[in-house]
Amino acid sequence: MLQCQNVMKKYGGKAAVANITTNIVPGKIYALLGSNGSGKTTFMKMVAGLVKPTSGTITFAGMPIGAETKKHIAYMPTEGFYYNYMSCKDAGNFYKDFFEDFDENKYYQLLQEMNLDPDMKVSKMSSGMTAKAKLALTLSRNSSIIMLDEPLNGIDIIAREKVIETVLQNASPNNAIIMSSHLVDELEKIIDYAIFVRQGEVVMQGDAEELRTRYEKSIVDMYKEIYKYD
Amino acid sequence: MLKLTKYEFRKNMSAPIILLIVIGVLQVAFLSCIALDKEKYVALTFGLQTVAMTFSYFIILILSIASYSRELKSKSSYMTFMAPVSTYAIIGSKLLMAFLVAVFFGIVLAVLLPINVVIIGAKYDEVKNFTDALELLMEFFGFSIKDLIINAIMVVFEIMVNFYLVVVLAYLSITLSSTVLQNKKFKGLVSAVLFGVIYFGLSWVALKIPQVIENPTDYVEAFVSVFPTMMFYIMCIVAGFFATGTLLEKKVSL
């Protein structure tokens with residue numbers, strides 16, 4: 001469904017993403033793992049069409065990333081990305097205007113479950129509330145690819161469980177969910193596939209269960225092993 | 001593109017609303033001074049309002065450029081660039097928004113200014129005598145209302161073309177700064193210099209374009225004579241628009 005071939009992104013002379021080759025298929029939850037600055041966010045931004053790769057190719061259903069693929073790929077950035085004036089309701093209206101796969105009823109239901117007031121301005125929200133609002137907005141799209149960049153950042157332990165539960169509810173045989181996080185132990189129990197990125201390169205990837213069997217380690221332990229010197 | 005324009009307007013509506021309030025307050029002050037016969041303040045409020053309306057052109061110009069520059073530097077650009085629309089539609093929506101606001105203030109100017117002149121004329125004989133004398137003078141030199149309208153259309157057309165030329169070239173420079181020059185030192189300065197060089201370069205080329213009518217004798221001829229220059233500027237605007245859209249499409253890096 002989503003194919004990335006030797007993807008590289010350089011800023012000046014420095015490669016933020018040096019070489020990523022992977023294939024994302026529907027029906028799986030992917031964990032994009034790596035320490036700070038390993039290139040996870042840049043990679044997601046390239047898939048979302050916010051950053052152009054310096055070289056390599058990214059295609060969704062055979063189409064290069066562009067306006068057409070944005071209809072099928074949902075991306076939740078780490079930062080708050082709303083326009084200044086926006087409330088949750090305004091953001092929902094924006095998504096309704098531009099994304100055919102946006103489910104307005106689901107959005108308001110998610111906002112209610114997360115105890116968020118639709119009329120509250122996002123700029124007035126706490127970081128935890130903003131994180132939940134972003135998540136509700138992104139997960140209300142029934143997209144083929146859903147990318148969540150650090151979805152557990154700024155969220156307390158109780159809300160984290162709610163986030164994980166919501167992500168699981170949204171997983172289906174028709175979509176692929178890609179999540180990046182430092183909180184690997186939180187993801188360990190729900191992921192189907194792990195991609196370890198270090199200094200912009202995929203150092204290891206595979207089916208989570210197969211990796212555990214092959215290395216006789218949990219994903220958390222593999223993470224500690226790979227990034228112990230970072 | 002129209003949907004994006006709606007959000008462009010919503011994002012940038014504060015400044016035009018403030019401008020409109022200022023013009024409105026000055027109009028109320030002007031009418032109050034007329035009603036209270038405060039001659040000195042009539043001139044002051046009328047003058048201030050005319051200045052405010054004229055400056056609205058520059059304010060809209062600056063706001064339009066600043067809003068694009070700010071957006072490319074802020075995370076809210078994700079919202080715009082994640083939408084499944086082409087980069088040309090994104091740029092187009094910003095230009096359309098600037099156009100609509102400029103037209104709106106143009107209409108406000110075109111309506112309020114003559115009304116206020118008529119009100120002053122009706123209230124003060126000296127002004128009435130002055131406008132009557134002006135009309136006589138115009139008749140003497142062979143100017144008519146038709147000439148005035150043609151002249152006004154010509155001026156508005158030239159202003160709009162120049163407005164868009166500046167905006168599109170500024171967009172191109174800002175885009176260059178945020179894409180191909182993104183990791184270069186002094187990128188802001190380089191893009192500002194590029195803007196200056198391109199703008200003055202185009203103005204220099206425009207001066208070299210031969211006039212259709214060397215010595216225009218009336219406003220229609222004057223309009224025809226500057227037409228090739230205006231066409232050249234319009235072509236530059238179109239080229240600048242596509243260059244900006246293409247740069248964003250090929251090199252976007254938010």
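Contact here means heavy atoms within 4.5 Å. Helices (H or I, at least four residues) and strands (E, at least two) are DSSP runs, numbered from the N terminus. This is a predicted model, in which local features need pLDDT of at least 70 and side-chain atom pairs count only at pLDDT 80 or more, while totals for chains, interfaces and linings use all residues. Residues are numbered from 1 along each chain as its sequence is written, chains are lettered from A and ligands numbered from 1 in the order in which they are written, and side-chain values use heavy atoms, with hydrogens and water left out.

**Stop 1: two helices of chain A**

Select residues 127–139 of chain A, helix H4, and residues 157–170 of chain A, helix H5. On the H4(A) side, pick out Lys132(A), Leu135(A) and Leu139(A); they meet Ala159(A), Val163(A), Thr166(A), Val167(A) and Asn170(A) of H5(A). By class, the residues of this contact are five nonpolar, two polar and one charged. For these classes, Ala, Val, Leu, Ile, Met, Phe, Trp, Tyr, Cys and Pro count as nonpolar, Asp, Glu, Lys and Arg as charged, and the others, Gly among them, as polar.

Now view the axes, which are lines fitted to C-alpha atoms, for helices over the stretch in contact, with angles running from 0 to 180 degrees between N-to-C directions. The axes of H4(A) and H5(A) come within 11 Å and cross at roughly 5°. The two helices are therefore roughly parallel to each other (an angle under 35 degrees).

**Stop 2: chain B**

Select chain B, which has nine helices and zero strands. Its C-alpha trace spans about 65 × 45 × 35 Å along the principal axes.

**Stop 3: the interface of chains A and B**

Show both chains: 27 residues of chain A are in contact with 26 residues of chain B. Together the chains bury about 2,500 Å², 66% of it on carbon and sulfur atoms; buried area is the accessible area (1.4 Å probe) that two parts lose on being put together, summed over both. Select Leu50(A), Tyr83(A) and Phe98(A), which supply 27% of the area that chain A buries against chain B, more than any other three residues.

**Stop 4: a salt bridge between chains**

There are two salt bridges between chain A and chain B, each a side-chain nitrogen of Lys or Arg within 4 Å of a carboxyl oxygen of Asp or Glu. Over all chains, the structure holds 15 salt bridges. Select Lys6(B) and Asp97(A), whose side chains meet in a salt bridge at 2.8 Å, N to O. Lys6(B) lies in helix H1 (residues 2–12) of chain B and Asp97(A) in helix H2 of chain A, so the pair joins two chains.

Note on methods: Angles under 35 degrees count as roughly parallel, over 145 as roughly antiparallel, 65 to 115 as roughly perpendicular and the rest as oblique.
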